[in-house]
Amino acid sequence: MQQTTNSDLSRHYLPRQLRHLILQEYLSGVKTARQLSEEHGIPMSTIHKMGQRWKAKNSCSFVSTPNPYPIMSRVTSEEASELLSENKALRRRLEEALLRLEGYEIMGDILQEDTVSTC
């Protein structure tokens, strides 16, 4: 993840999911405030304050294993199958575009060789 400075943090808002992930890792003991500070470029004091505010507002604690797919839990099976088919179609289009690009590069190389050999 891109490192940010203290002045950047005062001007930028931490996305809710990132803040939640940081809190989850910190409060569950998976990572220390120092590790999270270095990883996300957030001052340790900010991480400590976020943890204190969360504890003051909530009585329950985070579980030790974070949910890596918080958004996917809200997706229905029908939406998931649509996303999978869209993913397959996009992968196929990407593969075709890469093959086309490779062909253009080969044609460019051939054209360049012809230009050099005729000079």
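Ser-37 touches Ile-42, Pro-43, Met-44 and Ile-47, leaving aside residues up to four places away in sequence; contact here means heavy atoms within 4.5 Å. The model is predicted: local features need pLDDT of at least 70 and side-chain atom pairs count only at pLDDT 80 or more, while totals for chains, interfaces and linings use all residues. Residues are numbered from 1 along each chain as its sequence is written, and side-chain values use heavy atoms, with hydrogens and water left out.

**Overall make-up**
- The protein has five helices and zero strands, where helices (H or I, at least four residues) and strands (E, at least two) are DSSP runs numbered from the N terminus.
- Along the sequence the pattern reads α-α-α-α-α.
- Of the 119 residues in the protein, 15% are buried; buried means under 20% relative accessible area, exposed over 50%, and partly exposed in between (1.4 Å probe, protein chains only).
- The protein exposes about 9700 Å², and carbon and sulfur atoms supply 56% of that area (Shrake-Rupley method with a 1.4 Å probe; for residues, only the protein chains shown count as cover).
- Among contacts with a separation of 6 or more, 59% are between residues 24 or more positions apart.

**Ser-37 in helix H3**
- Ser-37 lies in helix H3, which covers residues 33–40.
- Ser-37 counts as buried because its relative accessibility is 16%.
- A polar atom of the Ser-37 side chain lies 2.6 Å from the backbone oxygen of Ile-42.

**Helix H4**
- Helix H4 (residues 44–57) has 14 residues, which at 1.5 Å a residue should span 20 Å; its end C-alpha atoms are 20 Å apart, in agreement (the expected span is 1.5 Å times one less than the number of residues).
- Its buried residues are Ile-47, Met-50, Gly-51 and Trp-54.

**Tyr-26 in helix H2**
- Tyr-26 belongs to helix H2, residues 16–27.
- Not counting residues up to four places away in sequence, Tyr-26 touches Lys-31, Thr-32, Ala-33, Leu-36, Ile-47, His-48 and Gly-51.
- Tyr-26 and Gly-51 are 25 residues apart along the chain, and their C-alpha atoms are separated by 7.6 Å.

Conventions:
Polar contact = N/O pair within 3.5 Å; in protein donor to acceptor, adjacent residues only side chain to side chain.
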